[in-house]
Amino acid sequence: MEGDPALQLRVFDLNCWAIRYLSKRRQERIRLIGDQLCREGFDLVLLQEIWSEQDYSDLKAKLGDCCPFSHYFRSGVIGSGLCVFSKFPILDTLLYQYSLNGYPYMLQHGDWFCGKSVGLVQGGSQPLCPPFFQLHAEYCREKDAYLPHRIVQAWELAQFIRHTAKAADVVLLGGDLNMHPEDVGIRLLRGWTGLQDTFTEAKRFEGCEDGCTLIPSNCFTFKSELQPFPLGIRIDYVLYKAVSSFTVECEELRTTTGTAPGTDIPYSDHEAVMATLHIQRKRQAASVTRGMAGPALAEVLSEALTEVHVGLLAARWQRYSSGRMAVLALLLLLLQAVAVLGMLAGLAAGQPFPKLSFSLLAFLAVAVLLLAAGLHLFHSIEVKMLQGTEEQMRMAMRVLQEHP
C-alpha cells in the first residue's frame with residue numbers, strides 16, 4: 001500500500017579472485033573483505049570466485065552478526081565459487097549450471113572444471129528474488145573462441161530469470177558477466193528480461209570512471225589485456241527490476257578504486273560494486289517491466305543467432321576432426337592386430353617390428369583412440385546444446401515478428 005514504509009537495500013558484489021595456491025595474498029585479502037563488510041553492514045553480499053570452502057567458512061564466522069544467513073553453492077569439479085550472505089532469512093536456494101562451460105582440455109583456463117553457474121536465493125519477509133552468476137571468461141577479445149558459449153550462457157541466464165522471477169516482486173541480479181556493456185550478450189540479457197543497470201540508473205555515482213571494475217592501476221590485473229582500454233573495463237554488474245506492485249530506484253552506486261583503506265593491496269583483481277536500492281510498494285499494481293522494443297530486440301537476437309551459428313559450425317568441424325582421428329587410431333589398432341594374428345599363424349617370416357616399438361605404437365594408438373573418442377562425445381554434446389539454443393532463439397525471433 002501507499003503508506004507502507006520503503007525498504008533501502010544495500011548490495012555488495014565482488015569477484016574475489018580467491019584461487020587457492022594461485023591467487024596472490026588470498027588469505028590476507030579475504031580478511032580485508034570480511035573487515036570491510038563488517039564495517040559497512042550491507043544487507044546483501046554476493047561474492048564470486050570463493051573457491052576455497054575454508055575461505056567461505058572464515059567469512060561466515062566473521063559476518064555472523066551483520067549477515068547471519070548465508071549459502072555456498074557447490075558445482076563442477078572445484079566448485080562454482082558463488083556464495084551469498086544476507087541480513088534477511090534465506091528460505092530457498094537453487095543452482096543452475098550452464099549447459100556449455102568452455103572446454104575440458106583448456107586446462108590453463110579452467111572454466112569447465114568450476115562449472116559456471118547461476119545461483120538463486122529466495123528470501124523471507126522481503127519481496128526479493130536475487131540470482132547471481134558468473135559467465136565464462138573472455139581470454140582474447142580479438143579472437144574470442146568462447147563467445148558462442150558466453151552467449152548461450154547469457155541466453156540461459158535470461159530464460160532462467162524469466163521463468164523463476166514470476167513469483168517475485170523485485171528481481172536483483174549481480175555478478176561478473178565477463179562482457180562489456182555494449183556486447184551482444186549483455187544487450188540480449190537486458191533486452192529479454194527488462195533488467196535495468198544500476199550504473200546508468202543511479203542518481204549518484206562514486207568510484208572508477210565509467211564504472212569500470214577492471215582498472216589498470218590495480219596491481220593484480222593483467223596490464224596487457226587492458227592496453228586497448230586505458231580507463232579499464234566494466235564487466236561486473238548489479239541489475240534490477242520491479243515485477244509486480246513495487247517500484248525500485250537506484251539511489252547510489254559506488255565502486256572501490258584500488259587499494260583497501262590502510263593497506264597496499266586491493267581487495268581483488270576486480271573492483272567491488274556497491275548499490276543502494278530504494279524499494280517502495282505502490283497502491284496500484286505496476287506494469288511489468290519490459291525489455292527493449294520489439295525491432296531492437298529482434299536485431300539483438302539476430303546478432304546473437306549469428307554468433308551461435310558460427311560456434312555451431314566450429315563445433316561440428318571439431319566433432320568431425322575428433323571422429324576422424326578416432327577412426328584412424330582404430331584402423332591402426334586393427335592393422336596391428338592383423339599383424340599379430342599373421343605372425344601367430346606363421347604367415348610372417350619373422351617379427352616385423354621390434355617388440356618394444358610395436359608395444360609403444362599400440363599404446364599410442366589406444367591413447368589417441370580414447371582421447372579422440374572423448375573429444376568426439378564432448379563436441380557432440382556441444383553441437384546439441386548450440387543447436388538447441390539456436391532453435392530457441394529462432395522461435396523467439398518468430399514470436400517477436402508475429403507479435404511485435
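Over which residues does pLDDT stay under 50? The stretch is 136–141, and even there the model has 24 contacts beyond four places in sequence (a contact means heavy atoms within 4.5 Å). pLDDT itself is the predictor's confidence in each residue, on a scale from 0 to 100. This is a predicted model, so to speak for local features pLDDT has to be at least 70, side-chain atom pairs count only at pLDDT 80 or more, and totals for chains, interfaces and linings use all residues. Residues are numbered from 1 along each chain as its sequence is written, and side-chain values use heavy atoms, with hydrogens and water left out.

Across the protein chain, pLDDT averages 84, and 85% of the residues score at least 70. Among the elements (DSSP runs numbered from the N terminus, with helices being H or I of at least four residues and strands E of at least two), strand β11 at residues 204–206 has the highest mean, 96, while strand β7 at 128–129 has the lowest, 53.

Now for the sheet. Seven strands form an open sheet with mixed pairing, in the order β3-β4-β2-β1-β14-β13-β11; two strands pair if DSSP finds at least two bridges between them. β3 (69–72) and β11 sit at the edges, each pairing on one side only. From one strand to the next, the twist averages 20° (angles run from 0 to 180 degrees between N-to-C directions, and axes are lines fitted to C-alpha atoms, for helices over the stretch in contact). Helix α1 (26–40) packs on this sheet and touches β1, β2 and β13, its direction making about 175° with that of β1. Helix α2 (53–62) lies across β1, β2, β3 and β4, at about 175° to β3.

β13 (246–255) and β14 (273–281) pair in the antiparallel sense over nine bridges, and Leu253 has Ala275 in β14 as its bridge partner. Leu253 also turns up in the lining of the second largest cavity, along with Val273. A cavity is a set of points on a 1 Å grid over the protein atoms alone where a 1.4 Å probe fits but cannot get out, and lining residues have an atom within 4 Å of a point. β12 (236–242) gives the most to this lining, with three residues.

Technical notes: On a 1 Å grid over the protein atoms alone, a cavity is a set of points where a 1.4 Å probe fits but cannot get out, and a pocket is an open set with protein on both sides within 12 Å along at least five of seven lines; lining residues have an atom within 4 Å of a point.
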